[in-house]
Amino acid sequence: MGDGVLYIRPFMSTPKRYYIETYGCQMNVADAELMGGVLRREGHVRVDDPAEAEVVIVNTCAIRDHAEQRVIGRIGQLNRHKLERGGVRLGVAGCVAKELGKELLELAHVDFVIGPDGYRHLPEVLERVDTGERVVLDRFNRSENYEDLEPYRLERGAAWITIMRGCDKFCSYCIVPFTRGREKCRSAAGILEEVRRAVDDGAKEVTLLGQNVNSYCAGEWEFPDLLAAVARVEGLGRVRFTTSHPWDFTQRLVDTIAADPVICRHVHLPVQSGSDRVLAAMRREHTVAWYRERVAMLRESIPDCAISTDVIVGFPGETEDDFQATLELMSEVRYNSAYVFIYSPRPHTPAAALIEDHISHDVAVDRLERLNEIQRGIGARYLLDKVGTIQGVLVQGEARRGEGRMSGWTEQRETVVLDGGPELTGQILPVRVTGLSGITLHGEVVGHATSAVMELPLLAIS
Ligand code: 5AD
Ligand code: SF4
């Protein structure tokens with residue numbers, strides 16, 4: 001390349017408008033931003049409406065059959081839309097892409113299928129699709145960590161930072177090791193650099209993401225080291241992380257959270273079941289007593305730490321007694337929020353073979369409702385206790401309903417609606433909580449964001 005000579009990459013497809021529709025967990029949201037970064041670098045332009053796009057990507061989730069059927073229905077819908085309009089390339093990314101691979105080509109007239117390790121190759125895939133090829137790129141790549149790629153972030157104020165990909169735990173019900181592969185950790189230096197860039201671009205909060213962030217290990221760095229280093233990045237107001245496996249949840253991690261106010265006092269610690277028998281069948285590698293100890297460690301060192309969880313009901317062989325044990329654990333721990341799921345048999349997983357221990361759908365629904373009812377009461381009490389306190393709120397954007405109102409979230413991730421305009425977006429402000437409707441807190445701004453971390457009086461004031 002000489003001076004003044006424009007270098008044109010051979011065979012680059014012409015810039016297109018692209019639309020990505022994302023389902024599933026935050027890892028997928030982060031992957032959508034990664035794909036956005038790859039596409040933007042090649043000159044493609046993001047649009048919010050599939051009707052305006054020349055490239056439509058459905059970024060899918062396979063965690064439960066219901067999630068999978070939903071995305072397959074949506075792919076069918078977008079496929080009809082594509083055939084009507086003409087000139088549209090339709091692709092499937094994410095976990096269903098990995099799970100079903102080339103089967104998707106038969107299921108709908110998709111042009112490309114790209115698994116979670118293939119996003120770097122999106123530009124070449126689009127070029128090949130331009131020549132009329134239908135492309136499937138669903139192989140795992142043990143060394144793909146996307147270290148050098150810059151995500152195209154869609155949110156202001158908060159940034160997702162993927163620190164590891166895949167999972168080595170192989171819980172007996174879970175499809176993730178088969179859709180996202182084995183654990184791979186990014187370098188601490190790369191992660192810290194990404195956090196610094198996100199902060200330079202206006203992020204006040206980052207969430208460190210991985211299927212099991214606590215088992216992060218890269219050279220000398222373990223997760224507590226990384227968390228402490230991220231919290232020290234200048235200008236960062238908050239760091240949170242998700243998701244945690246109780247097995248890797250250590251006192252050192254608890255001490256790290258306790259030591260730095262930048263680290264959110266909110267931990268998502270999935271328990272899945274309150275019965276030892278079921279935990280063993282799930283291959284969770286720990287007992288209920290072990291889990292209780294982790295909770296005690298947290299509550300002892302950080303009394304105001306909110307804990308949320310995931311629970312599966314209707315796992316094969318779950319008896320009423322097993323279920324009662326889960327109910328008891330939930331009443332005892334008093335989670336600030338809990339996601340309860342009905343067990344769904346997934347391909348490749350050992351639990352899917354436990355057909356004779358199948359729990360009927362009616363029983364599972366009944367258990368789900370009973371857990372949700374208990375949790376609704378606990379959650380409501382927890383939120384009511386916040387009324388009258390002052391909370392730091394990261395203002396995220398305009399509230400869905402009501403003009404002149406903004407919405408944001410607290411350190412414990414509760415949604416707060418407050419009066420104000422778009423100029424508040426991306427700031428962490430002290431807010432007095434004045435009321436609660438449903439699960440939304442209402443509040444008023446009572447000061448300015450003076451520094452990244454605010455020492456807030458958390459006592460109720462009348
Ligand atoms: N069926 C139901 N729920 C599941 N989860 C994972 N796999 C399954 C499954 N096969 C739930 C777990 C996990 C959350 C992300 O999804 O509770 O923590
Ligand atoms: Fe769904 Fe799991 Fe894939 Fe996330 S990693 S998109 S939860 S299947």
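Tutor: Let us begin with Glu 205, which is buried, with a relative accessible area of 1%. Before we go on, note that this is a predicted model, in which local features need pLDDT of at least 70 and side-chain atom pairs count only at pLDDT 80 or more, while totals for chains, interfaces and linings use all residues. Residues are numbered from 1 along each chain as its sequence is written, chains are lettered from A and ligands numbered from 1 in the order in which they are written, and side-chain values use heavy atoms, with hydrogens and water left out.

Student: Why is Glu 205 called buried?

Tutor: Buried means under 20% relative accessible area, exposed means over 50%, and partly exposed lies in between (1.4 Å probe, protein chains only). The value for Glu 205 is 1%, so the residue is buried, and Arg 238, at 6%, counts as buried too.

Student: What makes Glu 205 and Arg 238 a salt bridge?

Tutor: The term requires a side-chain nitrogen of Lys or Arg within 4 Å of a carboxyl oxygen of Asp or Glu. For Glu 205 and Arg 238 the closest N and O atoms are 2.9 Å apart, and the pair forms a salt bridge. The two residues sit in distant parts of the chain, with Glu 205 in strand β10 (residues 205-209) and Arg 238 in strand β13 (residues 238-242), 33 residues apart. Helices (H or I, at least four residues) and strands (E, at least two) are DSSP runs, numbered from the N terminus. By the salt-bridge rule, the count comes to 39.

Student: Where do Asp 366 and Arg 370 lie, and how exposed is Asp 366?

Tutor: Both lie in helix α13 (residues 361-384), four residues apart, about one turn of the helix, and their side chains meet in a salt bridge at 3.0 Å, N to O. Asp 366 has 37% relative accessibility and so counts as partly exposed, as does Arg 370 at 26%.

Student: Why are helices α8 and α9 called roughly parallel?

Tutor: Helix α8 (residues 223-231) and helix α9 (residues 251-259) pack at an angle of about 10°, with their axes 9 Å apart. Axes are lines fitted to C-alpha atoms, for helices over the stretch in contact, and angles run from 0 to 180 degrees between N-to-C directions. Angles under 35 degrees count as roughly parallel, over 145 as roughly antiparallel, 65 to 115 as roughly perpendicular and the rest as oblique. The value therefore makes α8 roughly parallel to α9.

Student: What makes the ring pair of Phe 223 and Phe 241 edge-to-face?

Tutor: Rings of Phe, Tyr and Trp (its six-membered ring) pair if their centres lie within 6.5 Å, and planes under 30 degrees apart count as stacked, over 60 as edge-to-face and the rest as tilted. The ring centres of Phe 223 and Phe 241 are 5.1 Å apart and the planes stand at 70°, so the pair is edge-to-face. Because Phe 223 lies in helix α8 and Phe 241 in strand β13, the pair ties together parts that are 18 residues apart in sequence. Phe 223, at 0% relative accessibility, counts as buried, and Phe 241 is buried at 4%.

Student: How many aromatic pairs are there in the whole structure?

Tutor: A search finds six. Another edge-to-face pair is that of Phe 170 and Phe 178, with ring centres 5.7 Å apart and planes at 80°.
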